[in-house]
Amino acid sequence: MKAGLVLSGGGFRGIAHIGVLKALNEFGFQITHIAGTSAGAVIGALYAGGLDWKQILEFIKEVDIFSFNNYALGKPGFVDTEKLYDRFSVFFPEDNFESLEIPMFITATDILEGSLKVFTKGELIRPILASAAFPGVFTPVKIEDSYYVDGGALNNFPVDLIKDYCKDIIGVYVNPFLKVEIDQLKHSYNVLERAYQIRAAKDSLPKFEDCSLVISPKDLINHRTFSVKDMDTVFNLGYEAAIEALENSASLQIPDKTGL
């Protein structure tokens, strides 16, 4: 079955996207278009570039983002985003959207103008890095005459970018939005993360109606945005939620599994 795929931002919770890709492969889905933000832009671009879920998971596990070698000096952020360029150039030697096997839409935020930018052609790697550059943690990325940060600041679930191209859309939202207790907000970064989630949810949740199927593992609420622990657990949460959603979907004509 053919479908478009939308992958939300969510930091390391985005590893759940890879589990979803495994499930979609097992069910024989052919993805025709991908829209991604932040972690979703990273995972989506790698998949659009021809990597399978195993290769993507291996790459994410091997990239030590918070390595001392990646620390920013004299820049507004802890991690120098530009230092990650070479890791992606291995998979995107041509470094342009035209080299992808699946059309890809990536969102980023122009931090100077305060506007949303959608990248669909031309240079590829820097838009990927910019889309995932969470403000304050990763340094802004210079592209042409401006600087860009996390696309999730303005569009964390870019269903709108591909709904005119796809009859069916599968959305993967890795920021489950539930009520929290005050003892879960013990530190300033917990409050900041919660505020970011509230802002993203206000824009994202109404877009669920534009999807034929939404996969949003609720147990991801127990995993923080920048926690590198339990990657396999997060991956499995995505996989299991996708299997359950696909098996119980009433809006998609699910093909038979092909990868089992």
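1. How many residues has α1, and what does it reach from its first C-alpha to its last? In this predicted model, in which local features need pLDDT of at least 70, side-chain atom pairs count only at pLDDT 80 or more, and totals for chains, interfaces and linings use all residues, helix α1 has 12 residues and reaches 18 Å, close to the 16 Å expected at 1.5 Å a residue. The expected span is 1.5 Å times one less than the number of residues in the helix, and the helices (H or I, at least four residues) and strands (E, at least two) are DSSP runs numbered from the N terminus. Residues are numbered from 1 along each chain as its sequence is written, and side-chain values use heavy atoms, with hydrogens and water left out.

2. On the burial of α1, 11 of its 12 residues are buried, so this helix is largely enclosed by the rest of the structure; buried here means under 20% relative accessible area, exposed means over 50%, and partly exposed lies in between, with a 1.4 Å probe and protein chains only. After α1 comes Gly28, which has a positive phi, near 80 degrees.

3. Arg13 sits in the loop between β1 (2-7) and α1 (15-26), and this arginine counts as buried because its relative accessibility is 3%. Beyond residues up to four places away in sequence, Arg13 touches Val174, Asn175, Glu193, Gln197, Leu220, His223, Arg224, Thr225 and Val234, where contact means heavy atoms within 4.5 Å. Two polar interactions of its side chain deserve a look: a polar contact of 2.6 Å joins it to the side chain of Asn175, and one of its polar atoms lies 2.9 Å from the backbone oxygen of His223. A polar contact is a pair of N or O atoms within 3.5 Å; within protein, one must be able to donate a hydrogen and the other to accept it, and residues adjacent in sequence count only if both atoms are side-chain atoms. The C-alpha atom of Arg13 is separated by 9.1 Å from that of Gly238, although the two residues are 225 apart along the chain.

4. Gly238 is also one of the buried residues of α7, among them Met231, Val234, Phe235 and Tyr239. These buried residues of α7 pack against α1, α3 (53-62) and β8 (213-215). For its geometry, the 17 residues of α7 (residues 231-247) should span 24 Å at 1.5 Å a residue, and the end C-alpha atoms are 24 Å apart, which agrees.

5. Asn156 is placed in the loop between β6 (146-150) and β7 (169-172), and at 6% relative accessibility this residue counts as buried. A polar atom of its side chain lies 3.3 Å from the backbone nitrogen of Gly9. Leaving aside neighbours within four places in sequence, the contacts of Asn156 include Ser8, Gly9, Thr37, Tyr173 and Asn175; Asn175 is also the partner of Arg13 in the 2.6 Å polar contact.

6. Gly49 is found in the loop between α2 and α3 and, at 25% relative accessibility, counts as partly exposed. Its contacts, apart from neighbours within four places in sequence, are with Phe92, Leu100 and Glu101, while its C-alpha atom is separated by 7.2 Å from that of Ile102, 53 residues away along the chain.

7. The helices α2 (39-48), α3 and α6 (188-204) each supply at least two lining residues, and the largest share, six residues, comes from α6. A search of the whole structure finds one cavity of 30 Å³ or more; the largest cavity has a volume of about 40 Å³, and its lining includes Phe12, Arg13, Ile15, His223 and Val234. On a 1 Å grid over the protein atoms alone, a cavity is a set of points where a 1.4 Å probe fits but cannot get out, and a pocket is an open set with protein on both sides within 12 Å along at least five of seven lines, lining residues having an atom within 4 Å of a point. Grid points are joined across faces, edges and corners, and a volume is the space filled by probe spheres set on the points.
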